[in-house]
Amino acid sequence: MSGWSKQAMTAVAVAVAMALPGGTAIAQTGAALLPMPAKIAPASGPGFTLTNNAGVAIPAGDRGADAAARILTEVVRTQRGLTLTDASNGAIRFVRDASIAGDEAYRLTVTRSGVTIAASGDRGLLYGAMTLAQLASPDRNTGKPVLIAAQAIDDAPRFKWRGLMLDVARHFQPIPVVKTMVDQMAAVKLNTLHIHLSDDQGWRVEIRKYPKLTEVGGWRLPPWTGGARPTEKVGGSYTQAELKDLVAYAATRGITIVPEIDLPGHATALVAAYPELGILGDAPVVSNNWGIEPYLFNPGPKGIQFVKDVLDELMAIFPGTYIHLGGDEAIKDQWQRSPEVQAQMRALGIKDEEALQSWMIDQFGLYLQSKGRRLIGWDEILEGGLPQSAAVMSWRGEKGGIDAANAGHDVVMSPGGPLYLNQTQTLRRDEPPGRYDINSLEAVYKYDPMPAAIAPDRAHHVLGAQGNLWSEYIVTPYQLQHHAFPRAGALAEIAWTPKGDKNFAAFLPRLMRQADRWRTNGVQVADTPFAVDFTIPGGRGDALRKNAVPLTLSAQVAYGTIRYTTDGSTPTARSKAYAAPLTVKSGTIVRAAAFDASGFATSAPRAFDTSRVSLLTRINPELKACPAGSLGLRPPLRSDATENAPVYNINLFDTCILDPDVPMDVATGYKVEVVRLARHYGLAHEARMVREHYNVSAHGELLVQVGCIAAAEKRKAGDKTARPIAAGAFPLPDPKTAPQKFSFDGTFPAGLTGDQDVCFQFTSPIADPYYTVGRVTLTEGAK
């Protein structure tokens with residue numbers, strides 16, 4: 001078990017802390033630690049009691065130890081409410097030990113007389129300090145002393161790249177927001193912050209030789225949702241001084257910042273600022289479309305020199321080894337249509353545009369190499385051949401990383417499933433905007449960054465793993481943190497802890513304690529993986545017919561005991577435990593939450609209203625995809641909305657959504673709230689997949705149809721005449737003058753029985769904004 005003793009395994013399984021007289025808590029060996037160290041050896045003896053004003057000693061003149069001690073003091077004050085003081089004879093000692101191999105390795109020893117943190121490198125001292133800070137906060141008893149069990153921890157990471165990526169190009173985040181992320185990454189020993197600084201929607205880093213990159217390229221207009229066209233731009237950028245300060249701040253916390261400038265694609269903001277660096281000479285506006293735009297960087301001599309100029313200024317800001325140059329999603333149509341580019345290819349003897357991108361990447365890779373730096377890019381840089389000096393970040397699954405490592409290139413594993421943390425964590429209706437593809441906490445934890453298909457003698461090329469936070473739907477710090485945490489804890493453990501020591505059940509109580517620490521630091525931590533979900537077995541139709549509602553209660557992560565109330569009160573650890581499906585009278589509000597072994601709720605309570613009005617109403621996140629479609633995006637009402645709700649699950653390629661079980665013998669009619677959203681998606685060659693409907697009125701219609709699934713199945717089986725039953729056709733108003741939300745009322749045809757699906761199909765022109773359903777309310781009446 002990679003150095004684990006039976007005692008340590010037992011300690012992880014017990015409660016995080018036990019109370020002693022006077023409020024002192026025992027920090028059990030390993031039970032409060034995340035990521036789990038490589039080796040923990042419990043020792044005999046009573047351990048060390050950490051009290052207020054405990055002293056911290058460092059070697060004289062040791063700047064790295066001083067930085068680690070200061071961060072330890074700050075974190076213990078915040079997380080435990082205890083003050084540590086400088087003292088040459090302090091019980092907490094930082095020691096340099098050259099025998100501890102590796103800059104990030106450390107040894108932490110706890111005895112009755114104190115705690116010693118020993119390391120050869122600055123990061124080792126810092127990580128030892130972070131482990132001690134976790135041991136010092138095993139519970140929620142702020143301000144109370146804590147007895148840290150006698151033990152010896154010998155620790156070092158499994159991988160050297162343990163990263164998060166922040167996309168500040170789509171939605172700009174101020175420096176204080178980024179610093180908060182740095183602090184909380186350091187708390188769990190993540191060590192690489194990859195910042196995506198340019199894209200079609202914005203250029204965020206000051207380049208003094210090219211000021212229009214931020215003056216023009218840093219700002220865009222919001223997309224159109226109908227009504228008056230937006231005129232106030234959104235955006236922002238960082239000065240070089242701000243970024244240098246951020247780099248220094250991160251370095252003190254053991255974090256290297258890797259900047260990314262995306263080339264040759266995702267270059268609309270660049271070309272908007274300097275059209276002469278584009279291909280066709282036109283001057284686009286900075287894009288407000290998500291997805292893939294056609295604008296490419298010009299690979300001619302002027303363009304190559306431009307990038308080298310940018311790299312020079314980036315290297316002066318960011319001292320780390322790697323510079324990320326993107327390389328992803330660069331459709332080559334502009335290069336294919338440019339006589340100038342085609343002539344350049346012939347002169348260079350280059351056979352196709354993929355090889356031209358490879359040649360271009362090689363130019364920049366060699367330039368960076370000449371400066372003592374290395375190029376890294378998304379796995380598309382493999383296409384057309386890859387310079388040996390380049391490293392690869394594998395995002396389109398694992399294949400790019402496997403191929404690159406087996407070819408002798410260093411790789412960072414960052415597959416979209418499961419490491420795109422901008423994808424929603426659950427199917428819950430109270431998740432904020434994001435991509436509607438689930439990457440669950442458990443899926444992140446169970447991912448192994450070392451693919452089996454990489455040859456053993458090439459395994460050293462796997463640098464580590466990275467979670468990515470693309471920001472098309474991340475506008476606010478709340479949303480950024482909700483998507484990042486607690487999944488960043490799972491990422492930290494898979495990148496640090498030995499593979500054989502991973503255990504999801506043992507991880508969960510340690511994660512809950514770390515979530516407490518994050519929240520103590522003012523960070524938003526998503527509780528949705530632990531929140532209680534309510535399901536009506538058999539559907540709402542029978543519940544409405546019988547006026548009694550059966551309910552099953554569950555959570556995505558089954559941790560703790562679900563407890564519930566039916567009297568309107570908030571559930572507590574003493575409330576009735578859920579053991580089997582319930583049946584309650586219609587009108588009852590059921591509230592529920594899960595509670596851990598210590599009696600703490602694992603999430604905020606959730607409520608389910610069983611009234612007839614509630615059962616007869618569905619909001620958008622409760623609707624489903626129409627036949628042959630899928631719901632892949634979860635946008636807000638407006639692109640730059642700062643609210644977390646409402647959100648709308650949509651099928652990007654068809655304006656259709658479906659209510660799966662309308663009880664036709666109960667409902668006689670309906671009210672549909674229609675919502676108009678921005679249709680701002682750069683689809684490139686996938687644009688042909690958008691389903692365009694023939695509109696028979698000026699601005700298209702909303703078609704309400706019954707039995708869509710059965711009709712689709714019949715057509716698939718060969719019945720070309722099969723179609724759903726028409727239940728409503730409503731002309732849509734002019735989007736230039738109509739409000740963003742409006743509603744239609746209709747009735748269902750007589751004679752329908754049982755539970756039937758109802759689909760809502762919009763036939764508006766695809767040049768107009770996107771339509772969907774915000775809410776469906778069924779009406780009752782005599783049939």
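**A guided tour of the predicted model**

The model is predicted. Of its 783 residues, 59% count as buried.

The C-alpha trace spans about 85 × 80 × 50 Å along the principal axes. The radius of gyration is 29 Å, which agrees with the value near 28 Å that a compact globule of 783 residues would have. Contacts also deserve attention at this scale: among those between residues at least 6 apart in sequence, 74% join residues at least 24 apart.

Next, colour the charged side chains. There are 79 positive and 77 negative ones, and the centres of the two sets lie 5 Å apart.

Now select residues 33-155. An unreviewed UniProt entry annotates this stretch as "domain: Beta-hexosaminidase bacterial type N-terminal". The chain here is 25% helix and 32% strand, with its end C-alpha atoms 12 Å apart.

Within that selection, go to helix 3 (residues 122-135) and pick out Gln-134. Is Gln-134 buried or exposed? Its relative accessibility is 2%, under the 20% limit, so Gln-134 counts as buried. Leaving aside residues up to four places away in sequence, Gln-134 touches Ala-32, Leu-33, Leu-34, Ala-187, Val-188, Gln-514 and Arg-517.

From Val-188, one of those contacts, step along to Lys-189, in the loop between helix 4 (175-187) and strand 13 (192-196). Lys-189 has a positive phi of about 70°, although it is not a glycine. Most residues other than glycine have a negative phi. Lys-189 counts as buried because its relative accessibility is 1%.

For another positive phi, select Ala-684, where the angle is near 50°. This residue lies in the loop between strand 37 (681-683) and strand 38 (701-706). At 26% relative accessibility, Ala-684 counts as partly exposed.

The tour ends with peptide bonds. Most peptide bonds are trans. Display the backbone at Leu-263 and Pro-264, which are joined by a cis peptide bond with omega of about 0°. Pro-264 lies in the loop between strand 18 (256-263) and helix 7 (268-273). Then move to Phe-485 and Pro-486, where a cis bond has omega of about 15°. Pro-486 is found in the loop between helix 15 (477-484) and helix 16 (487-496).

Note on methods:
Residues are numbered from 1 along each chain as its sequence is written. Side-chain values use heavy atoms; hydrogens and water are left out. The radius of gyration is taken over C-alpha atoms; the globule rule is 2.2 Å times the number of residues to the power 0.38. Buried means under 20% relative accessible area, exposed over 50%, partly exposed in between (1.4 Å probe, protein chains only). Contact means heavy atoms within 4.5 Å. Lys and Arg count as positive and Asp and Glu as negative; His and the chain ends are not counted. The place of a charge is taken as NZ of Lys, CZ of Arg, CG of Asp or CD of Glu. UniProt positions are given in the numbering used here, feature names are shortened, and annotations may be inferred rather than shown by experiment. Helices (H or I, at least four residues) and strands (E, at least two) are DSSP runs, numbered from the N terminus.
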